[in-house]
Amino acid sequence: MSAQDTNQKFKLENVFNVKDRVALVTGGGSGIGLMATQSLAVNGAKVYITGRTGEKLERVAELYGKNIPGQIIPITADITSKESIKKLADEISSKESKLHILINNAGISSAHHTTEYEDPKELQEELFHNTTTFEEWENVMRTNVTQLFFTTTAFLPLLNKGTEEERGWSSTVVNISSISGIIKSAQHHFAYNASKAAAIHLTKMLAHEITSSKLKLRVNNIAPGVFPSEMTANDSDEKQKSTIPKENFEGKVPADRPGKDEDMAGAVLFTVSNQYLNGQTIVVDGGYVLATGTV
Ligand SMILES: NC(=O)c1ccc[n+]([C@@H]2O[C@H](COP(=O)([O-])OP(=O)(O)OC[C@H]3O[C@@H](n4cnc5c(N)ncnc54)[C@H](OP(=O)(O)O)[C@@H]3O)[C@@H](O)[C@H]2O)c1
């Protein structure tokens with residue numbers, strides 16, 4: 001190979017190539033899951049999207065799946081049920097001989113607490129008596145943590161086939177965690193932040209154990225700052241997109257704005273395609289963690 005020929009390797013379409021990859025994005029019908037889905041599908045991947053609400057998924061496939069090099073295929077599933085995850089894995093296994101990319105993105109938020117009380121009785125009233133229950137904590141953990149474990153392990157054989165069948169490619173799991181799992185502030189939602197810290201550690205454990213089993217799979221997590229979604233904007237429009245006014249973030253984060261589709265696209269394409277990345281947390285937050293200094 002001549003020196004000039006090696007230049008080819010550095011082309012964007014080679015470095016970030018996801019053409020003909022088969023992917024599954026949980027919670028692909030809105031917010032960050034939709035951003036991940038578009039990032040992969042417009043660059044040629046066949047992307048299965050899942051969530052509990054069939055209409056949302058159908059709308060996404062209809063709006064974003066046409067006239068692009070890849071595909072978007074909706075399948076309804078609830079990733080907090082082992083039975084539903086198994087059904088999803090069986091359905092995808094019946095259609096595909098391999099899975100190259102699994103993005104565990106589905107997640108929920110948790111109850112809001114006021115934490116600013118300085119009187120112990122008031123703080124107790126708010127945190128112990130008022131706002132939350134064991135059941136709520138369990139629900140958040142089930143959706144944001146436990147399902148990462150079961151969804152990942154359900155797809156191990158299919159992911160491994162993806163590695164075996166593509167030279168130079170190791171299949172990959174990307175968990176969408178959060179900067180909320182890194183900073184020490186509860187941000188008024190203890191259960192959510194605890195669940196995201198657990199998701200980051202679970203990513204590390206899975207990466208370690210899977211590589212210890214000599215499987216050539218990569219498990220990483222993306223920890224976003226604030227991006228517009230049904231979770232953060234409370235809603236989405238007829239295109240399944242959400243909006244957060246830029247002004248809300250001026251002075252609150254070095255980037256002076258919430259994250260954009262393109263910011264998430266870059267993070268997703270880097271994380272899935274970089275064959276040398278394993279067990280890591282990719283923070284995409286406009287400098288929030290840096291600025292708050294709360295790690
Ligand atoms: N947006 C942010 O600023 C931000 C920042 C850091 C981390 N994150 C993380 O990013 C991920 C995506 O959230 P988002 O902000 O994009 O919010 P979102 O728009 O509410 O998206 C969450 C998606 O997950 C799906 N989902 C929820 N529970 C599910 C279940 N049991 N089974 C299957 N699908 C389920 C929802 O669809 P259905 O309700 O139809 O099931 C929804 O489409 C979450 O893990 C969140 O914690 C978000």
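Two strands are said to pair if DSSP finds at least two bridges between them, and the elements named below are DSSP runs numbered from the N terminus, with helices (H or I) of at least four residues and strands (E) of at least two. The model is a predicted one, in which local features need pLDDT of at least 70 and side-chain atom pairs count only at pLDDT 80 or more, whereas totals for chains, interfaces and linings use all residues. Residues are numbered from 1 along each chain as its sequence is written.

Ile103 takes part in both pairings, being the bridge partner of Val25 and having Val174 as its own bridge partner in β5. In a regular strand the side chains alternate between the two faces of the sheet. Both faces of β4 are covered, since Ile101 and Ile103 on one side and Leu102 and Asn104 on the other are all buried, where buried requires 20 or more other C-beta atoms within 10 Å of a residue's own, exposed 12 or fewer, and partly exposed a count in between, with C-beta atoms placed from the backbone.

Helix α7 (residues 156–165) has Leu158, Leu159 and Gly162 as its buried residues. Seen down the axis of α7, these fall within an arc of 100°, so they line one face of the helix; the arc is that of the directions from the helix axis to the C-beta atoms. They pack against α4 (82–95) and β4 (101–104).

Beyond its neighbours within four places in sequence, Ala23 is in contact (C-beta atoms, placed from the backbone, within 7 Å) with residues including Leu40, Val47, Ile101 and Ile103.

Around the ligand there are 28 residues, of which the closest are Gly27, Gly31, Arg52, Gly107 and Ser229, a residue being near a molecule if its C-beta atom, placed from the backbone, lies within 6 Å of it. The elements giving two or more residues to this shell are α2 (31–41) and α9 (230–233).

Terms used. Contact = placed C-beta atoms within 7 Å.
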